[in-house]
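Thanks, everyone. Please look at the model on the screen.

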Amino acid sequence: MDVLTPEIERRNAATWRVRLAPYIAPDLKRSVSQLASAAMLFAGAWTLMYATLAVSYWLTLALAVPTAFLLIRLFIIQHDCGHGAFFQSSRAAAIVGSIIGVLTLTPYHYWKKTHAMHHATTGNLEHRGFGDIKTLTVDEYLALPPWGRFKYRVYRHPVVLFGIGAVLHFFVLHRIPTIVPKTWTRERRSILWTDVGLAAFIVLTGILVGFRELLLVQLPVTLLSTVIGVWLFYVQHQFEPTYWEHDAGWVYDDAALLGSSYYRLPKLLQWATGNIGLHHIHHLNARIPNYRLQDAMDSHPELRQVATLTLGDSFRCVRLVLWDERTRKLVPFPRLGARPALP
């Protein structure tokens, strides 16, 4: 794993805002082209899965893998819409993002708000909450009663975090308007209308192709895409070396450069995931469309001098579950007994 060099660390916020400004304007032709190609490829892959039901369900399941990645690519478009990075028109972004949100089981305005909170507070120990994977410090974990430690261990177990928990989050929690405060009226409506859209999609598609066939095709695609989506979000912030600071010492650009990884994926996977692996650049300026992130990287080679994960490296990040304020590292669960709290 490559680590950050002092050269990039010295860049201040104003410098990066100026240097990355040329990449923030969405290109309508490229956005429409990407949306159309992603939608057609997904529809084509879905249709091919449906056609193979008459041949072999194992073949159908094999095709669910590329189809799920195409759904991830559509999710990246929804994600860019929420950041104002895909269309100049916020209305166009909301329409496209809300429609895609039916397929991704992600209410657009709810996601937009909670994800903005994630960007505004990532790596800040006083502002852990919405839009984040729960991460305790070592001392917070050791201060918990046995039942609390057990629950956190269960939550951070890979089977729960990337499997059961991912499914519950997208299939169940995203269907309930009351998961957000009562004052979040637009976000509650977004959840409700996504549910209505999802119900309409299920009924209409079920009538067209058969409800059993819809289940056999769509369920594995959705399950795989939720696992992939949570995995991507996890490795983009849960790695070593990373960045966590208390509010007084927290700096936005440091959190972006030091606390967001460069997930260096094979080219095909980088394309399928909409360049989201260039996550440090995305966090430096979320208004950069996904199709311009590589251009920004190529024009500023020092942006390669950050914590870099390969596909192989990323699997070792699963064991990192607690932030140790003494060593300033993410660490596995402690094997020894309690330790004294920080002064």
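This is a predicted model: local features need pLDDT of at least 70, side-chain atom pairs count only at pLDDT 80 or more; totals for chains, interfaces and linings use all residues.

Start with the largest pocket. How much space lies in it? About 970 Å³. The lining is made up of 37 residues. Which of them are closest to the centre? Those are Asp132, His169, Phe170, Val230 and Phe233.

Now, where does the lining come from? Four helices each supply at least two residues: helix 4 (57-82), helix 6 (108-121), helix 9 (158-172) and helix 11 (211-235). Helix 9 gives the largest share, with seven residues. By class, 20 lining residues are nonpolar and 15 are polar. Two are charged.

On to the second largest pocket. Its volume is about 320 Å³. Here 15 residues form the lining. Nearest the centre of this second pocket you find Phe42, Ala43, Ile99, Leu103 and Phe201. Helix 3 (28-52), helix 5 (90-104) and helix 10 (185-209) each give two or more residues to this lining.

Which helix has the largest share in the second largest pocket? Helix 3, with six residues. And the classes? Eleven of the lining residues, written 11 on my slide, are nonpolar.

To recap: the largest pocket takes its largest share of lining from helix 9, and the second largest pocket takes its own from helix 3.

Note on methods:
Residues are numbered from 1 along each chain as its sequence is written. Side-chain values use heavy atoms; hydrogens and water are left out. On a 1 Å grid over the protein atoms alone, a cavity is a set of points where a 1.4 Å probe fits but cannot get out, and a pocket is an open set with protein on both sides within 12 Å along at least five of seven lines; lining residues have an atom within 4 Å of a point. Grid points are joined across faces, edges and corners, and a volume is the space filled by probe spheres set on the points. Ala, Val, Leu, Ile, Met, Phe, Trp, Tyr, Cys and Pro count as nonpolar, Asp, Glu, Lys and Arg as charged, and the others, Gly among them, as polar.
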